[in-house]
Amino acid sequence: MKKGKWEQYERRNVIPQREREFVIYMLDMVEEDALRFRLSNLILWYIDKAIYYKHVYYVLSITAMAANLLILIANAAGNVTETMAVSLDTQLITTVLAAIASCALGINNLGRNKENWMRYRKSAEVLKESLSQYVIKMKECQAKNAGKETACGCQCKPGAYGEYQCPLIKGLMEQVSEYVTKENEEWKKVMGQEGDKENKSPV
């Protein structure tokens, strides 16, 4: 991704309204291209996943609620009428609505949509917080070293293999790597527990 235009928002009251746009402009403060690409890929992916599972969770939950409400309305309407035809229609309608409600709730539970939404949202917020801390520290460093050859932006380049001269870059990389590794381990643990449950024979 190309750098954003963070300078447009400095010392102004204009703030990006969309989360993705805000993150992209924040990433403009990361001087190292490889780290900026990595962060943009992670944060924006987590944001998109969180939004997706949030929408799926709400759509299925509202569908189940609406179906249950319509069942009550259909039953009430069926009780008012006494003809056999209407009674059979009401029974068919309530059966279909009950099936829809059950399917919606079942898909929500099996898909773990709410849990996935919360997990991806948490991941996005953790990485956004790490990025925000980096930006604040970088701005402080640049202010203290303004006009000097040792300004922060000049020192944040790759040094020896796998190492960086800039402690802020190195610290941010370590935070991101540590969190992603921890999250992957949690996912494996959750998937392993689900696999154990499926492999257990019924008593």
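Predicted model: local features only at pLDDT ≥ 70, side-chain atom pairs only at ≥ 80, totals over all residues.

Trainee: Okay, and which helix is Glu19 in?

Mentor: Glu19 belongs to helix 1.

Trainee: What does Glu19 touch, if I skip its neighbours within four places in sequence?

Mentor: Ile47, Arg121, Glu125 and Lys128. Take Ile47: Glu19 is 28 residues away from it in sequence, and their C-alpha atoms are 8.3 Å apart.

Trainee: What joins the side chains of Glu19 and Arg121?

Mentor: A polar contact of 2.7 Å. The pair also counts as a salt bridge, with 2.7 Å between the closest N and O atoms. It links distant parts of the chain, since Glu19 sits in helix 1 and Arg121 in helix 4, 102 residues apart.

Trainee: How accessible is Arg121?

Mentor: Arg121 has 23% relative accessibility, so it counts as partly exposed.

Trainee: And Lys128, how does its side chain meet that of Glu19?

Mentor: In a salt bridge, at 2.7 Å from N to O. With Glu19 in helix 1 and Lys128 in helix 4, this pair ties together parts that are 109 residues apart in sequence.

Trainee: Is Lys128 buried or exposed?

Mentor: Buried: Lys128 has a relative accessibility of 16%, and the class takes in whatever is under 20%.

Trainee: How many salt bridges does a search of the whole structure find?

Mentor: It finds 6. One of them is between Glu115 and Arg112, where the closest N and O atoms are 2.7 Å apart. Glu115 is partly exposed at 33% relative accessible area, and Arg112 is partly exposed too, at 28%.

Trainee: Which residues do salt bridges with shared partners join into one network?

Mentor: Glu19, Arg121, Glu125 and Lys128.

Trainee: Let's switch to another arginine. Where does Arg119 lie, and is it buried or exposed?

Mentor: Arg119 is in helix 4. It counts as buried because its relative accessible area is 16%, and that is under the 20% cut-off.

Trainee: What does Arg119 touch beyond four places in sequence?

Mentor: Glu183, Glu186, Trp187 and Val190.

Trainee: Let me zoom out. How many helices and strands are there?

Mentor: There are 6 helices and 0 strands. From the N terminus, the order of elements reads α-α-α-α-α-α.

Trainee: Among contacts with a separation of 6 or more, how much comes from residues 24 or more positions apart?

Mentor: Such residues account for 70% of those contacts.

Trainee: And what share of the protein counts as buried?

Mentor: Of its 203 residues, 32%.

Trainee: Now the nonpolar core. Which residues in the largest one touch the most other members?

Mentor: Val30, Leu39, Ile43, Leu127, Leu131, Tyr134 and Val176, out of 28 residues in that core. Helix 1 (19-27), helix 2 (33-80), helix 4 (113-144) and helix 6 (167-199) each supply at least two residues.

Trainee: Which helix gives the largest share of this core?

Mentor: Helix 2, with 10 residues.

Trainee: Why would nonpolar side chains be gathered like that?

Mentor: In soluble globular proteins, nonpolar side chains tend to be buried together.

Trainee: Last topic, the surface. What does the accessible surface come to, and how much of it belongs to carbon and sulfur atoms?

Mentor: About 13,800 Å² for the protein, with 58% belonging to carbon and sulfur.

Trainee: Which residues make a nonpolar surface patch?

Mentor: Leu69, Leu70, Leu72 and Ile73 make one of about 390 Å². Leu72 has its place in helix 2.

Trainee: Is Leu72 buried or exposed?

Mentor: Exposed, because its relative accessibility is 57% and the exposed class starts over 50%.

Conventions:
Residues numbered from 1 in each chain as written. Heavy atoms only, no water. Core = buried A, V, L, I, M, F, W, Y, C linked by side-chain atoms within 4.5 Å. Buried < 20%, exposed > 50% of the residue type's maximum accessible area, 1.4 Å probe, protein only. Helix = DSSP H or I, 4+ residues; strand = E, 2+ residues; numbered from the N terminus. Contact = heavy atoms within 4.5 Å. Areas by Shrake-Rupley, 256 points an atom, 1.4 Å probe, with all protein chains shown as cover. Polar contact = N/O pair within 3.5 Å; in protein donor to acceptor, adjacent residues only side chain to side chain. Patch = residues over 30% accessible without salt bridge, like charges linked within 9 Å, V, L, I, M, F, W, Y side chains within 5 Å. Salt bridge = Lys/Arg side-chain N within 4 Å of Asp/Glu carboxyl O.
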